[in-house]
Amino acid sequence: MRTTQSTLQKMRDDGEKIAIVTCYDASFATVLENAGVDILLVGDSLGNVLQGRETTLPVTLDDMIYHTRCVVRGSSKAFVMVDMPFGTSQITPEDTFENAAELMAAGANMVKIEGGHIMAETVEFLTQRGIPVCAHIGLMPQSVHQLGGYKLQGESDHQAKQLMTDAVLLEKAGAGMLLMEVVPAALAKKITRKLSIPTVGIGAGVDCSAQVLVLYDMLGISSGRKARFMKNFMAGAGSIQAAVEIYVKEVKAGKFPGPEHGF
C-alpha cells in the first residue's frame with residue numbers, strides 16, 4: 001500500500017523527517033523504495049540529467065507522463081510526486097487542471113507547481129477538485145531567466161517577507177506541502193514553524209520537514225558545477241542502495257543537510 005498524504009502529514013506532526021529523492025525510471029524506483037525513501041519525485045530535472053539540456057524549460061508534459069508511469073511501475077509503497085513542467089501550470093486554472101489530471105491518471109499522488117502568490121488561485125482550483133499540490137517557492141528553475149540565474153532567494157528583508165507571505169497564502173489555498181529551494185536556513189525555519197503542512201528543503205537548511213536531492217547529484221555522477229547543497233553519498237558506500245540508505249538515515253537523524261550545505 002502506498003504512502004498517503006495523510007501519512008506524510010502525520011510524520012510531519014510527529015517530528016519524523018521525510019526523505020525524498022528524484023526518480024525517473026522503474027529500476028531506480030525499486031532501489032530507492034527498498035532503501036527507505038518516502039517520496040519519489042519525478043522531477044523536470046530529467047531535462048538536465050537525462051536529456052542533457054541546460055535548463056528544465058524544454059521538458060514536455062508527455063515526458064513527465066512517460067517517466068511517471070515508469071516510476072509507478074517500479075514502486076509499490078513510496079508516495080509519487082510529479083513536477084508540472086514549464087508552460088503547463090502558468091496558464092488558466094482550468095487548463096492547469098486538465099494537465100494535472102493527466103499526470104494523476106499516469107499514477108501521480110501529488111503534483112508540484114512552481115510559483116508564489118500568483119499561483120494561489122490555481123492551487124485552490126486544483127485542490128478543491130481532488131488534485132493534491134506541493135507548492136514550490138524560492139529558487140524556481142522554470143523562472144531561472146527571470147530570476148537572473150541560479151542564486152540565493154529571500155536574502156533581503158523584502159524578499160524574505162514576500163516568501164513568508166507566499167508560503168502562508170499557498171497553504172491557505174490548499175497546498176499539502178511546500179518546497180523551498182535555495183533560501184536562507186533561518187528563513188526556511190521560520191516558514192516551517194509558521195505553517196502546519198510539511199515543508200521540503202533543498203538548499204534550505206535542516207529544519208524543514210523533508211529533504212530532497214536530485215538522484216544523480218547524491219550519487220556523484222552529475223556534471224557541471226556542484227551546488228553547495230549537494231552531497232555525494234556514494235563516497236564510502238559499497239553500492240547505490242547503501243548510498244541511498246545512508247542518505248535516508250542522515251535525513252531522518254537531522255544530520256543532513258549540515259551547516260556547510262546551507263546558506
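**View 1. Strands β2 and β3 side by side in the predicted model.** In this predicted model, β2 (residues 39–42) and β3 (residues 79–83) run parallel and are joined by four bridges.

**View 2. Strand β5 and what surrounds it.** On one side of the pairing sits β4 (residues 110–114), which runs parallel to β5 and is tied to it by four bridges. Look for I113, whose bridge partner in β5 is A135. How much of β5 is covered? Mostly covered is the answer, with six of its six residues buried.

**View 3. Helices α4 and α5 crossing.** The axes of α4 (residues 61–73) and α5 (residues 93–105) come within 9 Å and cross at roughly 25°. That angle is under the 35 degrees cut-off, so the two helices count as roughly parallel to each other. As for handedness, α4 passes α5 in a right-handed crossing. The contact is made by L61, M64, I65 and T68 on the α4 side, with N99, E102 and L103 coming from α5. Sorted by class, that gives four nonpolar, two polar and one charged residues.

View 4. Is A243 buried or exposed? Its relative accessible area is 0%, and the cut-off for buried is under 20%, so A243 counts as buried. Leaving aside neighbours within four places in sequence, A243 is in contact with M218, L219, F233, M234 and A237. Take L219 from that list: A243 and L219 are 24 residues apart in sequence, yet their C-alpha atoms are 7.4 Å apart in space.

Note on methods: Residues are numbered from 1 along each chain as its sequence is written. This is a predicted model: local features need pLDDT of at least 70, side-chain atom pairs count only at pLDDT 80 or more; totals for chains, interfaces and linings use all residues. Side-chain values use heavy atoms; hydrogens and water are left out. Buried means under 20% relative accessible area, exposed over 50%, partly exposed in between (1.4 Å probe, protein chains only). Contact means heavy atoms within 4.5 Å. Axes are lines fitted to C-alpha atoms, for helices over the stretch in contact, and angles run from 0 to 180 degrees between N-to-C directions. Angles under 35 degrees count as roughly parallel, over 145 as roughly antiparallel, 65 to 115 as roughly perpendicular and the rest as oblique. A crossing is left-handed if the near helix is turned anticlockwise from the far one by less than a right angle, and right-handed if clockwise. Ala, Val, Leu, Ile, Met, Phe, Trp, Tyr, Cys and Pro count as nonpolar, Asp, Glu, Lys and Arg as charged, and the others, Gly among them, as polar. Two strands pair if DSSP finds at least two bridges between them.
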